[in-house]
Amino acid sequence: MVDSKKIVLTGVQPTGKLHLGNLLGAVSSWERMIDEYDCLFFLADQHAITMPYVPADLRKNTLDCVAQYIACGLDPTRCKIFLQSQIIGHTELMWVLGCLTPIGQLERMTQFKDKSKKVGESVCSGLLFYPVLMAADILLYNADLVPVGEDQKQHIELTRDLAIKFNNAFSPTFTVPEPYIGSTGARIMALQSPSNKMSKSDANQNSVVYITDTDDIIRKKLMSAVTDSGNSVTYDPDNKPGIANLLNIYAATKNLSLSVAVEEFAGLSSYQPFKQAVADAVIAKIHPIRERYLQLANDKEYLYSVLHDGRLDAQKRANRMIAKVYRKSGFVNE
Ligand code: TYM
């Protein structure tokens with residue numbers, strides 16, 4: 001029987017532990033898609049080498065990240081989990097798409113500009129090509145939907161442009177994917193500097209809640225989150241970015257709309273009980289994930305078997321697409 005479910009594909013760079021932004025902006029919404037879609041989740045380990053890194057850390061983080069995916073609810077019997085570097089096709093397709101991508105478009109990418117500022121002169125060409133590899137990740141599997149946080153929107157727009165460009169130049173080949181960006185949780189900000197995105201590379205690690213943090217640490221980080229000199233819990237991202245971020249975290253963690261979350265705290269005249277409630281909600285969400293993660297992390301045999309299954313499935317799909325793309329691109333196939 002032909003599986004007619006739509007294809008969902010997305011990934012995370014295994015550059016460290018997953019944080020609350022990854023969880024609320026990405027992984028939690030993926031979990032809710034598992035039964036409705038044909039879901040492919042991968043670890044973007046080739047993207048992870050576009051910034052300075054240590055190979056032994058990458059290896060460890062990659063396997064840890066697989067355990068964290070599963071702990072977050074990505075049940076490998078109902079979806080596929082694989083590593084980008086284990087599939088032949090991502091970098092092959094990247095090259096073909098790269099030959100259709102104007103350099104100027106890559107130089108204007110917000111993430112490229114931000115990250116290249118951080119590394120200065122030593123910025124590598126891989127960082128410039130990062131969005132093309134991401135487009136290849138998506139188009140290789142004919143994904144219909146790509147669930148991501150707000151920061152990846154520009155990359156999905158490029159992916160759509162490239163799919164249309166290739167289809168127009170060489171005949172319809174790729175599905176033009178849609179981004180899926182949740183209404184809450186799409187942009188979780190740093191707890192100590194709520195005008196910046198929560199990010200594992202934050203110099204102040206009190207800004208970042210990890211899914212491996214203990215309950216005590218989570219509470220401490222949330223209770224010390226920067227707010228403002230007021231005392232009413234209202235949603236005003238421009239004037240009260242800290243409170244707006246905590247409301248967003250609360251709503252996304254409890255899967256509520258923002259207006260329902262705001263309603264819950266109407267009438268409070270101190271931030272303390274609000275912060276306690278946010279901490280309780282985040283702990284209730286992360287505690288079972290951390291417990292599952294700790295059990296899974298040492299079961300290497302199981303993690304490798306999940307990746308092996310994912311790899312067989314993904315490689316079959318990738319082979320089909322690469323054969324088609326190469327034929328349409330004019331490469332000899334005898
Ligand atoms: P990465 O590893 O930076 O982030 C993984 C996912 O988490 C989301 N995210 C956030 N969401 C809300 N608030 C935050 N503070 C926050 N920080 C991160 C990201 O939007 C992302 O959805 N380029 C991708 C990985 C990738 C990919 C792909 C994704 C490579 N190829 C193909 C989708 C499809 C990235 O860097 O994710």
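A charge sits over a ring if NZ of Lys or CZ of Arg is within 6 Å of the ring centre and within 35 degrees of the ring normal. Start with such a case: select Lys-17 and Tyr-210. The charged end of Lys-17 sits over the Tyr-210 ring, 4.5 Å from its centre.

Before moving on, note that this is a predicted model, in which local features need pLDDT of at least 70, side-chain atom pairs count only at pLDDT 80 or more, and totals for chains, interfaces and linings use all residues. Residues are numbered from 1 along each chain as its sequence is written, and side-chain values use heavy atoms, with hydrogens and water left out.

Next, the rings. The structure has 9 aromatic pairs (Phe, Tyr and Trp rings, the six-membered one for Trp, with centres within 6.5 Å; planes under 30 degrees apart are stacked, over 60 edge-to-face, the rest tilted). Select Phe-82 and Tyr-141. Their ring centres are 5.4 Å apart and their planes meet at 50 degrees, so the pair is tilted. Phe-82 lies in strand β3 (residues 80-83) and Tyr-141 in the loop between α6 (125-139) and β4 (145-147), so the pair ties together parts 59 residues apart in sequence. Helices (H or I, at least four residues) and strands (E, at least two) are DSSP runs, numbered from the N terminus.

Buried or exposed? Phe-82 is buried, at 1% relative accessible area; Tyr-141 is buried too, at 3%. Buried means under 20%, exposed over 50%, partly exposed in between (1.4 Å probe, protein chains only).

Arg-317 counts as buried, at 16% relative accessibility. Beyond neighbours within four places in sequence, Arg-317 contacts (heavy atoms within 4.5 Å) Ile-7, Asp-38, Leu-40, Leu-140 and Tyr-141.

Last stop: Trp-30, Phe-41 and Tyr-69, a cluster linked by ring pairs.
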